[in-house]
Amino acid sequence: MAKKEKKKGTGVVKWSVLTAVMAIIMIAGFVGNYFGGVYATTVNIYLGTSTYKVVNGNDDAVYFTSDFSSQEELEAYEAELCATVEAEGAALLTNENDALPLASGAKVSLFARGSVDLMYGGTGSGSVDTSAAPTLLEALTTYGIEVNQTLWDWYESVADSYSRVTPAAISDVLEANTQYAVNEAPWSEVEAGAGDSFAEYGDAAIVVFSRSGGEGADLPAGDTGADLWYSSGSEGDGNYLALSAEELELLAGLKELKDEGVFQSIIVLLNTSNAIELDFLDPDVCGVDYGVDACMWIGDVGQTGANGVAQLLSGAVSPSGSLVDTYWYDNLANPAVTNFYAREYPNASDYGFSSDDADYGNQAMYSVYQEGIYLGYRYTETRYEDVVMGTANAGDFDYASTVAYAFGYGISYTTFEYSDYSMTATDDGFEITVTVTNTGDTYSGKKTVQVYFQSPYTDYDKANGIEKASVELCGYAKTDTLAPGESETVTITVDKSELRTYDSNNAQTYILDAGDYYFTVGNGSHDAINNILAAKGYTTADGMTADGDTSLVATWTQDTLDTEIFATSEATGTAITNLFDEADPNKASYSPGEVTWLSRSDWEGTYPTGTFDLTMNDELAAELATTRYDSSEVEEMEMPTLGADNGLNLSSMIGKDYDDPDWDLLLDQLTYSEMVETITLGFHNTKQVNSVSKPATSDENGPPGPDRLPDRRRLRHVLYL
């Protein structure tokens, strides 16, 4: 009988593999056990479980009572509120040929990856649960708009190949310069994949351009701060806030089909909270006519905000929002971009600071906000006024080719007019009254009334380095829904403190300058400055982009410079004066160098160049060293009282003032570990604190449990911090 030959080494291999697997399981168990304990509250909230029970002995133990009878009622209210905020806040920028609103039953095609992958929220703490969020297709369908399902399915099918990329954390940016990508699908592939379906859904081509950036995923800058870059293929010139080559190709392809009669209109939705460049909307600026009929800024829409977008596109609601940023044709014309980067002191290593990117926690870096107050409309409108008035060495600044849409701009499906404008001064401020009339004949709508003021830019200001914008928003209100022909009188109160200016060099407190103060209303900051310039006697003959309306301007005069009226805090009675001079390189005793701050007294001579270097010195190095943690100093620190037995619990504090002495006694009961965990382990929750009988809390804006999270990535993010 033949013996079966045993394969040599088979048992050894099996046991080796089994041993390795068991080792991995055991290590995972240790790690899981550790993190499970540390992040117990977070894990329990995710799983929808509870390890404690709160028993209310009396009604006084209930801090807050709900206005809703059930969780379902609360969620329904939240969903409706989010959609309303979107519908009220989106800003319509252009609407040629009445492309919007869409007709009932319109058949449309949604283009660009953003259409099937909306930006619902920002980064970091701006994240949004999208597990139950309506898509743009679902929202439009709800409001009677038919969407090209073939095109939608095609975009979803190429998600692995074409999807925007942003860094998951700051460390990603440091490790590789490949984290920012628009990654739009080429037009040729879009046509090949779904082109046969376009004609049937040709009432409108709706293009969604999305961008992401924020906390933990800040937009990066080049070495000189001169360009905001991204990577990936042929996406263009490296400017993340400009349209990529593929996006421009998409628009060009749609324009060609529109000319052939396939599409009746092209509508662009700006699904971003980062101000992208809008040169593509103006053929005179970009040199190409992309045929865009309507453009609406919708921002990050929130969990159910897609429903608000659908309300606007379908005409269920008329747009009434206003831009919260200045939108440029070229973002590099913004002086704030010049120094949009962090630079290392060139001699930092001489003082023990690291120049290694991997050790960024030990680097000595600086960023200089050389533009000062001249950010956004405070720059564009102020320099524009100085160009028109021929003052302040304003140079060849051309507003019309620089700014696409001003801060506060927004139009509607109907039109409005202002009348009976007046301003009344009171002891504490000013009352602005204006009548708003819906002058359209078809659509009802709301109007956002914006009040701006201008304070005098005086010789005292120039002598003491005080900078002032030519217009500043100081109040706003929105009308009720007005039917065609209907009017409403709106009154907005402006506190006199809005007019104060901080004088850091001479009075070293808030002052009220002598001179004339102008108040006006307008559809954004540019309307406002044109009205004020008109009141000063200027017209388009002087270089204004449009004539202003003098009937919408009122003035108030302060006879003398007042350095006392706002020099004391109303809340505390404390004198207001300089406390942070050492933060100014030009004032600090350990100054690393001189900085030229942008000034409207000499625009050309002070405009940021981004070329200066600051240098580390002994005193600055010593100051920076004190901001870093040194374990040798722990023993010298005086710790607060810990673990005291004062017989208090959190419910003992119900009804007590925030400054009641018992709060100190309560805090004395906390242990060191409880303080650490309460501060460091809060992720949409707070841990329970046994020493003061504080229960764990869930701080989500909605129900706890797995349905609050789109997937398990959030949990992994917490565990791997």
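This is a predicted model: local features need pLDDT of at least 70, side-chain atom pairs count only at pLDDT 80 or more; totals for chains, interfaces and linings use all residues.
Axes here are lines fitted to C-alpha atoms, for helices over the stretch in contact, and angles run from 0 to 180 degrees between N-to-C directions.

Take α13 and α16 to begin with. Helix α13 (residues 377-389) packs on helix α16 (residues 525-535) at about 30°, and the two axes sit 10 Å apart. Since angles under 35 degrees count as roughly parallel, α13 is roughly parallel to α16. Their crossing is right-handed. On the α13 side, the contact is made by Tyr377, Glu381, Tyr384, Glu385, Val388 and Met389, which meet Ser525, His526, Ile529, Asn530 and Leu533 of α16. Sorted by class, that contact comes to six nonpolar, three polar and two charged residues.

Next up is α3 with α11. Here helix α3 (residues 71-89) and helix α11 (residues 305-314) have axes 7 Å apart and an angle of about 45° between them, so the pair counts as oblique. α3 passes α11 in a right-handed crossing. Cys82, Ala83, Glu86 and Ala87 are what α3 brings to the contact, while α11 brings Gly305, Asn307, Gly308, Val309, Gln311 and Leu312.

Threonine 479 counts as buried because its relative accessibility is 2%. A polar atom of its side chain lies 3.0 Å from the backbone nitrogen of lysine 447. Leaving aside residues up to four places away in sequence, threonine 479 touches Val436, Lys446, Lys447, Val449, Glu488 and Val490.

Methods
Residues are numbered from 1 along each chain as its sequence is written. Side-chain values use heavy atoms; hydrogens and water are left out. Buried means under 20% relative accessible area, exposed over 50%, partly exposed in between (1.4 Å probe, protein chains only). A polar contact is a pair of N or O atoms within 3.5 Å; within protein, one must be able to donate a hydrogen and the other to accept it, and residues adjacent in sequence count only if both atoms are side-chain atoms. Contact means heavy atoms within 4.5 Å. Helices (H or I, at least four residues) and strands (E, at least two) are DSSP runs, numbered from the N terminus. Angles under 35 degrees count as roughly parallel, over 145 as roughly antiparallel, 65 to 115 as roughly perpendicular and the rest as oblique. A crossing is left-handed if the near helix is turned anticlockwise from the far one by less than a right angle, and right-handed if clockwise. Ala, Val, Leu, Ile, Met, Phe, Trp, Tyr, Cys and Pro count as nonpolar, Asp, Glu, Lys and Arg as charged, and the others, Gly among them, as polar.
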